[in-house]
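Subject: Structure for you to look at

Hi,

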Amino acid sequence: MINTGVVVYSWNANGLFGKIAELREFLDRNSPDLVLLQETHMSGLDRYYFANYSFYSNPSRTHYKRRGTDILIKNSIPHHYLPNPLLHHVEATMVVVNFHTLAPINFISIYVPPSATVEFTLDVEKLVSYNAATFIAGDYNAKHRHWNCIKANKLGNQLYSFAQKTKMNILAPETPTRFDPRGSTIIDIAITRYLNYASTVSSENELSSDHLPVRFWLDTNTAAYTNKTFVPNFKKYQELIIQNSTTQFDPQSGADIEMEIQRFTAEHLQAFSDTGKWVSKRKEECSAVIKQQTKIRNKLKKIAQITQDPKDKNLYNRAQNHLRKLHAEASEKRQREVIENLNPTDGSVWQQAKKISKTYFKMPPLLTDKTIVYRNQEKAEAIADVLENQFQTNDLSHPPTELKVKRTLKKFFKKKDDTEITPCLPSELLEHINKLKKGKSPGPDKITNQMIQRMPIKSLIRLTQIINGILKLKYFPNEWKLATIVPIIKPGKNPQDPSSYRPISLLSALSKIAEAIILNRIEDTIDDQLIPYQFGFRRNLSTVQQLLRLTEFVREGMDEGWDTGAVFLDIAKAFDRVWTDGLLYKLIKIRIPGSIVRLMATYLRGRRFAVRVGSNLSSERAIAAGVVQGSKVGPKLFNIYVNDIPSPRNCQTRLCLFADDTAVMSTGASNNITDDLNSYLDLLGKWMISWKIKINTDKCQAVYFSRRRNIPDNPKLYRRAIPWRDSTKYLGVILDKRLTFKQHITSTRQKINAVKSILYPLIGRKSKLSLSNKLLLYKSLVRPVMSYASPVWGAAAKSNIRTLESAQNIIAR
């Protein structure tokens, strides 16, 4: 029987290094809700994983560049981490927990060094002020007769006095928590505030340290938290859908489509839920030998603590060393079995590589204009506020263009359109379903790609009818216009700034299938109408081809004695701030069928998003501009939006586009290059204002490709000079002014070393992975980093190429 309530352990590890395996076994056996650790002494680079637990830590005050206090908490328990205030005397780590039906409780792991003064309670006051209900447990180094110590010390007297004055309760075990040759004492205790629950406290003869772990049980009358995972039964899922669902659907209005999508989604989610089951997550099982040796170690430890006999202490140390050896052997055996069983055909090689290379990031408290937010719900709202402003049209105005767009759209939508969109066949639907990737996260409707791929024929026919209803009525449903946005930190940005996160949109998988079908009908119309120097999101065109085109222009000019000036433009929020009415106008002008334009009008307008942080969602916000992030249609729509970009007026000026990555080049005599660039940039600037496209002039860069020392005046955009630089990064390649590619190759070597160090457990000499799988990992994960855009820089000097060859040889050895 699972007890109700909350189980918390507090343990001074006195150095966690070498004790990770036995701590994992302890967690597996006792399954506490929280573990409060002190004196872990881990470095900031140590990465330890505890199955089904989240790990939080703070630096130590007494050990340089080491961690002090830590907290382990079950993943299934809603919680959020709190940063420490300015502390002068103690070490602490705080986590606020939201148990079912209870007010939030602040759990704090605390360590008070023996050298601390009686002023340490000032730090305790700061910690208590964060939350009403507070539980602070750890090593206080405080002795007092109130908690069964033989004598008191100054820290104990101060703590007892502080608890009396603040009306806080002291929870302490009846038996000692620390043993040393000078005697045993009780210094690992807890103080609580506004936690009026029955409780039990006991020290347990477990783990290897001079401190015993202390178990606290709070009778909160809450159900036990268990880490479970859902296991579907797709055979029963299909049978249940066949029994309950209908196939006839003939929509007459948009409301009919909305209701049918709601029914379709609800029926499949219900069938998925009813036929699957929740099972406890797999634990890291220990062998019977380890469990038996743990019992022996604990027994000998208790004897040694009671007798304080050196012989008994020696027996305990031997038992402890033998247990560590067993843990190390078991860990090595598990790792060897995992690696030996890796197979590229079932994806296990890639999963292991991803697991090793994965970076773990926990979002810290965010600094908004008004306050600091700690809870996931508040963080989601803060980021949603930033994104709501981001998904707006740029504050640029050009009345003639706005009037032209308004009149064209008014005239277009006033006219009745009887043309039909080619309906979808089940075979076309099935083709797109087969392309879905199983591991992708679901959208707001919770329908996963795997659920779609396991749908019976009856459901596929029904989905075909829904999509044909969308095409027939030229109406895109609101149910599929909501996006769940997961914020991902941008590299090198301040993690406490809400604007430092890149939005990753999760759309309904059903919506993406409908978009893919619509995209087929758009591509049939416009592929031959796109400008030739746009290489982004087009068939048979890539970044490498655009880079080759750019570098060939530069090399040809150098061979003929000409110089080349290039300006690389940075467009602000290019995809997020596309003017919707302007995009519809351009769809009309590019002669896309009117029926598709009407459908795209309903697709683009009225979209919403909600930000997800952890399991919390922000309120829904409106998207007023932009092509849809994460969609199938979005990239193609952006290409259409920039398709009427001004063409260069002379053959010396050229334009290179890859989506929003724009480069303007001019080749010729040095006294003409700046004039040619300025002439085109002036024309381009006017076009961008007309279509509400904003350029970050501060981030724009210019490179003068030449072997000469003298360079002309800087080019200008909006009367602001863009200074010449020695190099710039374009489409992932560093281009220097002489095209030696030395900087790019040096940067690539650093990336290779980083990837190699991450994958070393799999491809290193001591790895048990087969040679064929090592070679597969090298070819799939290392060599692409090395060989990216090799046709561009392949003609670099041999001395530079040797830099990469040496990196390759080191890995091959």
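Thirteen residues line the second largest cavity, and Ile571, Ala574, Val578, Phe638 and Ile693 are the ones nearest its centre. The space inside the second largest cavity comes to about 80 Å³. Its lining is made up of eight nonpolar residues, one polar and four charged. Here Ala, Val, Leu, Ile, Met, Phe, Trp, Tyr, Cys and Pro count as nonpolar, Asp, Glu, Lys and Arg as charged, and the others, Gly among them, as polar.

A word on where this comes from: the model is predicted, so local features need pLDDT of at least 70 and side-chain atom pairs count only at pLDDT 80 or more, while totals for chains, interfaces and linings use all residues. Numbering runs from 1 along each chain as its sequence is written, and side-chain values use heavy atoms, with hydrogens and water left out.

The largest cavity has a volume of about 140 Å³. Of the 17 residues that line the largest cavity, Ile623, Ala625, Val627, Val628 and Gln629 lie nearest its centre. That lining has 10 nonpolar residues, four polar and three charged.

There are pockets too, and the second largest pocket has a volume of about 1,400 Å³. It is lined by 42 residues, with Arg502, Asp570, Ile571, Lys573 and Asp660 closest to its centre. Strand 20 gives the most to this lining, with five residues. The elements that give two or more residues include helix 9 (376-390), helix 18 (634-641) and strand 31 (727-730). By type, the lining of the second largest pocket has 16 nonpolar, 14 polar and 12 charged residues.

For the terms: on a 1 Å grid over the protein atoms alone, a cavity is a set of points where a 1.4 Å probe fits but cannot get out, a pocket is an open set with protein on both sides within 12 Å along at least five of seven lines, and lining residues have an atom within 4 Å of a point. Grid points are joined across faces, edges and corners, and a volume is the space filled by probe spheres set on the points.

Helix 10 (residues 399-414) is worth a look as well. Its 16 residues reach 22 Å from first C-alpha to last, close to the 22 Å expected at 1.5 Å a residue (1.5 Å times one less than the number of residues). Thr401, Val405, Thr408, Leu409 and Phe412 are its buried residues. They are on the same side of helix 10, because they cover an arc of only 95° around the axis (taken from the directions from the helix axis to the C-beta atoms). These buried residues pack against helix 16 (580-589), helix 17 (594-604) and helix 19 (670-690). On the other side of helix 10, the exposed residues include Lys406, Arg407, Lys410 and Lys411. Buried means under 20% relative accessible area, exposed over 50%, and partly exposed in between (1.4 Å probe, protein chains only).

Arginine 29 sits in helix 1 (residues 20-30). Arginine 29 touches Glu206 and Thr294, leaving aside residues up to four places away in sequence (contact means heavy atoms within 4.5 Å).

Overall, the protein has 23 helices and 32 strands (DSSP runs numbered from the N terminus: H or I of at least four residues for helices, E of at least two for strands).

Best wishes
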